[in-house]
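Here's a quick briefing to read alongside the model. Have the viewer open and follow along.

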Amino acid sequence: MLEAVFCLPLFAGLIAFLLPVKLGRGVLVVGALLHLQLTLLAWLSDFPPLLPGYFSTAPAGILVLLVTSFIFVFIAPYSIFYMREQEMQSEPIFIGSMLLFLGTMSMAALAEHPIVFWIAIEATTLVSAPLIFVNRSKKALEATWKYVLICSVGIALALLGFFFITLSMDRAGIDVPLTFSSLNTAAKHLDPLWLKIGFIFVIIGFGTKMGLAPMHTWLPDAHSEAPSPASALLSGALLNCAFLGIFKVHTLMVLAGLGDFSGSLLIGFGLFSILVAGIFILKQPDYKRMLAYSSIENMGVIAFGVGIGGMALYGAMLHLIHHSLLKSSLFLSAGNLLLGFGSKIVAQCGGMTRLLPRTFVSFFAGFLGISGLPPFGVFVSELLILIGAFKAGHPVAGGLFIASLALVVAGFARIVTSMSFGPSRQEILVPEQTLRIVSPFALLLTSAVLCVWMPEPLHQIIINTIAVIGGTIHG
Amino acid sequence: MINSIDLILVLILLAVLLSLGSSRMMALIKIMALQGAMVSLVPIFIEPQARLSNGGILFFQLMLLIKAVLIPGLLYMALNRIAIKREVEPLIGYHASLLVGLGLVMLSAYITRRMGLSLPGDYALLLITAITTTGGGLFLMMSRTKAITQVIGYLMLENGIYLVGTALTKHTHNIYLVEFGVLLDLLAGVMIMGIILHNINRAFDDVDTAYLEQLKD
């Protein structure tokens, strides 16, 4: 019963709303662990869905589900120790929404019917709104309002896109059930004009949610105002789910012989996102906003890699995994910094090496990783995307890619050095705590390990995801 | 049958134009209730036999309940708790908005003709209405600054998209379970927006989104 993967966190979340805080915290951690087990079951063994027309174990979805579930297991305990320092008024709501968020994201990952996928993505917006709003400041209010409104409108456009894809089916006189897999088998016969129009709406719609520029305007606000564990989830898990929608429709386009059209759109949006992120990171005064812009950059990298295809597609899937691991680790470290310094402004933080030595190590390592230095996985993935770009005959795009990435690294480096080695403050508000250090380090370690050794089933699922549209590891 | 569906579609179009020209929020909510009711009736009149057979009746009742009663009701409750009842300074004036609305109708008629679709039956007016409603909703969101008017714009956009779906796709694809999920999302969305609205009102003593400009680069 595949549906248990998302039903479990949904029920746990609803129950957590009613439970007292301490019990709710237990439910959060136990729910996360059970969810990981169910995910592993769905991945490694035969776990048929009850409603095969609506849900399936398509490899792309399983990959996203796996990443989501894995980082949630580390974020859940961290958020408990984080909330202890915060004296949050509405902690049951926070815990419940975290679990509901996990549930809706899993539902999106497993969805097989386009409209069911749409319902799940819209639901992720709604259940994550309380996570951003939980601090109840005026700024949080503004961020939540922008998030809900911009994303709802964006996703509404994606629904329009799905209607156009349905229309392309009707225009061609094909009568198959409306699922991604049956659309893929009938792809050759679909009406190309409406398919193209549908893809444009889908990339604008889900691109809004994924944070592709120029539809990214909500993202820095929401990611910087949310409490750090929620930011880690938004950045590490939610963006992947939105990407999944674009990827599924892109797969359909490639199979329908329109891969060039959708690929060039993805390359264009991807490069533009990296460039915009680079420009905004360069003078960024706020380190959480910097991390948010870095997410926009990395989503651009993934879109770019998928657009190019071939070996770059393998790189893009690797990048998806490693970005989630590293970025959630960075956001958790940023949470420790925020607790310690009490400010998100870079100029008011300094002397991290002396005051918060262990957080410094995790934050700095995360910075190295996300900038594409070994021994972390982003090094491999970006290298593969770059080689893929040059091999596929996109030298100009490849050059722009390198230049924009350099811009991001420059901005990132300025902020991290100033925070680590800059003029030291006298004291910190909340000292470091081992329990809040473990999670960011574990996520970093996973990325480093996956860089040198990849388990065979994981490798296999990436290959299965990309083989449909001609992605290979050998170029 | 054609006459009754045309009547409904004209009412929906009229609701779009009315909402573009009205400054009172209470009037806007009533217009939305009317439009919601009309939009839920459209599919019944398109293919009465196919629609009303298998379990459809229950679904359309639910849809009518949500679109015409529950959502306007939620907005009404939200409006009662806030101080400001009028849109005082829209970014684009009411007369200009009306003119834009008329322009939208013409543009939609042009698009519909250019698409040259073999629509089910003779429902060209349905597509015109659908595109106008979608565009009108987007325009309302962009040209007004009060948060509650923006929510109404969003609802209108959703109504338009639902109509596009009804106009363009064959009805064999529509599965009530799936459509119900979409409706549920919409209802929950309006509920969440209502809660945020209430908090905006408490924090700023107004629901003007012009106050929400602290976060930027």
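Let's start with B:Met26, which counts as partly exposed because its relative accessibility is 25%; the bands are buried under 20% relative accessible area, exposed over 50%, and partly exposed in between, using a 1.4 Å probe and protein chains only. Keep in mind that this is a predicted model, where local features need pLDDT of at least 70, side-chain atom pairs count only at pLDDT 80 or more, and totals for chains, interfaces and linings use all residues. On bookkeeping, residues are numbered from 1 along each chain as its sequence is written, chains are lettered from A and ligands numbered from 1 in the order in which they are written, and side-chain values use heavy atoms, with hydrogens and water left out.

**Around B:Met26**

- B:Met26 sits in helix H2 of chain B, residues 25-46; helices here are DSSP runs (H or I, at least four residues), numbered from the N terminus, and strands (E) need at least two.
- Setting aside neighbours within four places in sequence, B:Met26 is in contact with B:Tyr76 and B:Leu79, where contact means heavy atoms within 4.5 Å.

**Salt bridges**

- Side chains of opposite charge can pair when their charged atoms come close.
- How many salt bridges does the structure hold over all chains? The count is nine, with a salt bridge being a side-chain nitrogen of Lys or Arg within 4 Å of a carboxyl oxygen of Asp or Glu.
- A:Arg436 pairs with A:Glu85, and their closest N and O atoms are 3.8 Å apart.
- That pair links distant parts of the chain, 351 residues apart: A:Arg436 is in helix H18 (residues 434-452) and A:Glu85 in helix H3 (residues 59-86), both of chain A.
- A:Arg436 is buried at 2% relative accessibility, while A:Glu85 is partly exposed at 30%.
- A:Lys344 and A:Glu225 also form a salt bridge, at 3.4 Å from N to O.
- A:Lys344 is in the loop between helix H13 (311-341) and helix H14 (352-355) of chain A, and A:Glu225 is in helix H9 (residues 218-225) of chain A, so this pair ties together parts 119 residues apart in sequence.
- A:Lys344 is buried at 18% relative accessible area, and A:Glu225 is buried at 9%.
- Over in chain B, B:Lys146 bridges to B:Asp208, with the closest N and O atoms 3.2 Å apart.
- B:Lys146 is in the loop between helix H6 (124-143) and helix H7 (147-168) of chain B, and B:Asp208 is in the segment after helix H8 (176-204) of chain B, so the two join parts 62 residues apart in sequence.
- B:Lys146 is buried at 5% relative accessibility, and B:Asp208 is buried at 14%.
- A:Glu142, A:Lys146, A:Asp221 and A:Arg289 are joined into one network by salt bridges that share partners.

- A:Glu297 is found in helix H12 (residues 287-308) of chain A.
- Beyond neighbours within four places in sequence, the contacts of A:Glu297 include A:Ser273, A:Ala277, A:Glu382 and A:Val408.

**A buried glycine**

- A:Gly398 belongs to helix H17 (residues 395-421) of chain A, and is buried with a relative accessible area of 0%.
- A:Gly398 and A:Leu386 are twelve residues apart in sequence, with 6.2 Å between their C-alpha atoms.
- Leaving out neighbours within four places in sequence, A:Gly398 touches several residues at contact range, among them A:Phe304 and A:Phe390.

**Cysteines**

- A search of the whole structure turns up zero disulfides over all chains, a disulfide being a pair of cysteine sulfur atoms within 2.5 Å.
- A:Cys151 is in no disulfide, and the nearest cysteine sulfur, that of A:Cys241, is 13 Å away.
- A:Cys151 is buried at 0% relative accessible area, whereas A:Cys451 is partly exposed at 21%.
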